[in-house]
Amino acid sequence: MTALSRESALPATGAGVERAESALSTPSVRRPREDRVKISHLLFVLPALLFFAVFALLPLVGVVALSFTTWNGIGAIEFTGLTSWIEALGRSSTWNGLGLVLLMIVATWLLQTPMSILLGAFLAGPQRYRNVLAILYFLPLLLSSAAIAITFKSLLDPNFGLANGLDMPLLKQNWLGDSVLVWVVLLFIISWQFIPFHTLIYQGAVRQIPRSMYEAAEIDGAGRVRQFFSITLPQLKYTLITSSTLMVVGALTYFDIIFVLTQGGPGAATRILPLDMYLTGFRGNEMGVASALAVMLVVLGLGLALGVQRLGGKDSAASQMEGA
């Protein structure tokens with residue numbers, strides 16, 4: 001056996017192993033594996049994409065197309081260009097509804113955010129009684145908005161409701177007939193129902209904050225209040241962005257509560273833009289104008305959501321976990 005044959009018969013070591021590894025790591029070997037991974041990922045995502053396209057994108061395209069038509073919901077659909085848009089933008093009810101929905105967004109955010117953060121930080125404690133309180137507090141999430149609205153409408157009736165049953169003159173107010181008191185009722189009901197949801201988000205976020213940060217603050221002599229403002233709140237920055245986005249978009253969907261409680265009254269005091277869209281389309285039989293209002297709602301929701309997300313900066317998806 002020649003020296004060359006003996007050398008080739010020896011096991012691959014040293015440089016031979018490096019050459020073998022480099023051959024296995026060449027792009028020609030990695031590419032099929034990467035392609036298979038991409039295809040498998042696409043197969044997992046495809047059902048969600050199809051569901052989103054069928055139940056979100058196609059209806060949205062239909063509404064946009066319908067906004068350029070005139071249709072009473074029964075007869076033939078007539079393409080009339082910008083007629084429905086001009087009519088929608090020229091109505092005082094449209095601008096009134098837009099102003100009211102912006103007021104709803106600001107008011108619900110100012111009410112829900114501080115309460116949700118404080119309750120979330122409180123319920124994140126390890127004590128057992130806090131877990132019991134959390135379970136009881138989250139019960140409103142199990143109820144439908146329509147059922148809640150019907151219940152409160154009965155309770156607030158000045159003649160047959162809670163005020164008459166308890167004989168409390170303070171509660172005998174025209175809660176749903178006064179343009180100011182009706183907003184107090186709406187904001188209270190919305191906060192009562194949805195603060196638990198945002199509390200749950202903040203509770204999970206507070207539990208992710210590393211305990212070592214609080215221990216270091218205690219060594220430095222920081223009290224509970226100082227720890228809350230110096231550690232808890234800064235660590236909840238991205239959770240605040242997420243919660244605020246849900247609040248802003250959710251304020252555009254409070255149609256059911258208002259419809260059951262007031263149907264837009266008294267007068268037009270609670271006729272927010274989503275309710276105006278419904279009344280225009282299904283009571284006024286102006287589907288083209290209602291579709292234009294719907295497109296306005298979509299654009300408004302997307303603009304506000306993107307604006308809130310921009311406040312979070314480029315690192316809005318960063319992890320708050322220790323060592324991340």
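**Notebook: a look around a helical chain**

I started at I201, which comes out as partly exposed, with a relative accessible area of 24%. This is a predicted model, so I keep that in mind throughout. I201 sits in helix α9. Next I looked up what it meets beyond its sequence neighbours: leaving aside those within four places, I201 is in contact with T239 and L246. I also checked I201 against T242: they are 41 residues apart in sequence, yet 9.1 Å apart in space, C-alpha to C-alpha.

**Whole chain**

I stepped back to get my bearings. The protein chain has 15 helices and two strands. It runs to 324 residues, of which 34% count as buried. I then looked at contacts with a separation of 6 or more: residues 24 or more positions apart account for 69% of them.

**Cores**

Which residues have the most contacts inside the largest nonpolar core? I found M104, I189 and I257, in a core of 40 residues. Helices that each supply at least two residues of this core include α5 (92-123), α9 and α12 (237-250). The largest share, eight residues, comes from α15.

Not counting residues up to four places away in sequence, M104 touches W183, L187, I190, A251, Y254 and I258. There is also a second, separate core of seven residues, and I117, A205, V206 and L236 are among them.

**Q193**

Back on helix α9, I picked out Q193. Is Q193 buried or exposed? Q193 counts as buried because its relative accessibility is 4%, and the cut-off for buried is under 20%. Its side chain makes a polar contact with the side chain of S145, at 3.1 Å. Setting aside residues up to four places away in sequence, Q193 touches P140, L141, L143, S144, S145, I148 and I257.

One patch of about 730 Å² is made by V132, L136, L139, L142, L143, F188 and W192. The elements giving two or more residues to this patch are α6 (128-137) and α9 (181-208). I checked one member, V132, which is found in helix α6. V132 is partly exposed, with a relative accessible area of 48%.

**Salt bridges**

How many salt bridges does a search of the whole structure find? I noted four. R91 forms a salt bridge with E87, the closest N and O atoms being 3.0 Å apart. R91 also forms one with E286, where the closest N and O atoms are 2.6 Å apart. I wrote E87, R91 and E286 down together, as they are linked in a network of salt bridges. E87 is partly exposed at a relative accessible area of 34%, and E286 counts as partly exposed at 25% relative accessibility.

My last stop was R271, which forms a salt bridge with D276, the closest N and O atoms being 2.8 Å apart. The two partners fall into separate classes: R271 counts as partly exposed at 23% relative accessibility, whereas D276 counts as buried at 1%.

Note on methods. Residues are numbered from 1 along each chain as its sequence is written. This is a predicted model: local features need pLDDT of at least 70, side-chain atom pairs count only at pLDDT 80 or more; totals for chains, interfaces and linings use all residues. Side-chain values use heavy atoms; hydrogens and water are left out. Patches are made of residues with over 30% relative accessible area and no salt bridge: like charges are joined within 9 Å, nonpolar side chains (Val, Leu, Ile, Met, Phe, Trp, Tyr) within 5 Å. Accessible areas come from the Shrake-Rupley method with a 1.4 Å probe; for residues, only the protein chains shown count as cover. A salt bridge is a side-chain nitrogen of Lys or Arg within 4 Å of a carboxyl oxygen of Asp or Glu. Helices (H or I, at least four residues) and strands (E, at least two) are DSSP runs, numbered from the N terminus. Buried means under 20% relative accessible area, exposed over 50%, partly exposed in between (1.4 Å probe, protein chains only). Contact means heavy atoms within 4.5 Å. A nonpolar core is a set of buried Ala, Val, Leu, Ile, Met, Phe, Trp, Tyr and Cys residues joined through side-chain atoms within 4.5 Å. A polar contact is a pair of N or O atoms within 3.5 Å; within protein, one must be able to donate a hydrogen and the other to accept it, and residues adjacent in sequence count only if both atoms are side-chain atoms.
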